[in-house]
Amino acid sequence: MSTKPNFRMFDGTTEKLPFSTEQFDIVLVSWQLEFAADMEAALGDILRVTRKNISSRILVIQGAPDNEFIRFLNTTSGLPNARHQGYLLHFAKEYFARHGFGKAAVSHIKAHHAFPDEDISKRCRAGIDLLARNMVSVIDKEELFSRLELHFRGSEHAIGHNMAMLDVRLTAN
């Protein structure tokens with residue numbers, strides 16, 4: 001028996017993971033469910049690569065209801081709002097339970113992006129740079145600047161990026 005960790009990182013669609021069947025004891029899926037074109041196919045492939053033993057776990061991280069980062073993106077981009085994060089986690093929990101991973105817990109993860117500069121306009125520009133990093137063409141930067149200015153005026157030096165983590169384990173028979 002090998003004690004060497006079998007750690008692999010992959011950034012891409014969860015519908016067709018490039019891993020062998022039952023390759024991992026622990027699978028971590030971070031901020032990917034909202035991009036799945038076919039949620040059941042994505043969750044099915046996550047299950048496919050997860051070993052079916054008592055120590056197996058699937059961890060799914062998505063935005064928490066109090067995630068300011070998502071709220072800013074949803075209100076200033078030309079894109080439809082990101083799918084409701086709670087719905088995504090609930091759907092995943094129910095799907096995994098139907099497939100033997102019925103022991104579930106949800107944890108709240110507190111996180112934020114800090115903007116230590118005292119000048120509000122510099123904080124706003126830094127916030128725009130962060131928020132628009134992957135969405136430059138769809139972010140209304142003027143609207144975002146105005147919203148960030150209001151946010152930072154309350155002496156805030158951070159944008160909350162809280163998350164919720166679903167932790168499912170195989171249900172003992």
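Ile120, Ser121, Arg123, Cys124, Arg125, Gly127, Ile128 and Leu131 of α4 are in contact with Lys141, Leu144, Phe145, Leu148, Glu149, Phe152 and Arg153 of α5, contact being heavy atoms within 4.5 Å. Sorted by class, this contact has eight nonpolar, two polar and five charged residues. This is a predicted model, in which local features need pLDDT of at least 70 and side-chain atom pairs pLDDT 80 or more, while totals for chains, interfaces and linings use all residues. Residues are numbered from 1 along each chain as its sequence is written, and side-chain values use heavy atoms, without hydrogens and water.

The axes of α4 (residues 120-131) and α5 (residues 141-153) come within 9 Å and cross at roughly 125°, axes being lines fitted to C-alpha atoms over the stretch in contact, with angles from 0 to 180 degrees between N-to-C directions. α4 is therefore oblique to α5, since angles under 35 degrees count as roughly parallel, over 145 as roughly antiparallel, 65 to 115 as roughly perpendicular and the rest as oblique.

Elsewhere, the largest nonpolar core has 23 residues, of which Leu43, Ile46, Ile58, Val60 and Phe96 touch the most other members. Such a core is a set of buried Ala, Val, Leu, Ile, Met, Phe, Trp, Tyr and Cys residues joined through side-chain atoms within 4.5 Å, where buried means under 20% relative accessible area, exposed over 50% and partly exposed in between (1.4 Å probe, protein chains only). A second, separate core of 14 residues includes Leu130, Leu131, Ala132 and Leu144.

Aspartate 38, at 40% relative accessibility, counts as partly exposed.

Methods
Helix = DSSP H or I, 4+ residues; strand = E, 2+ residues; numbered from the N terminus. Nonpolar A, V, L, I, M, F, W, Y, C, P; charged D, E, K, R; others polar.
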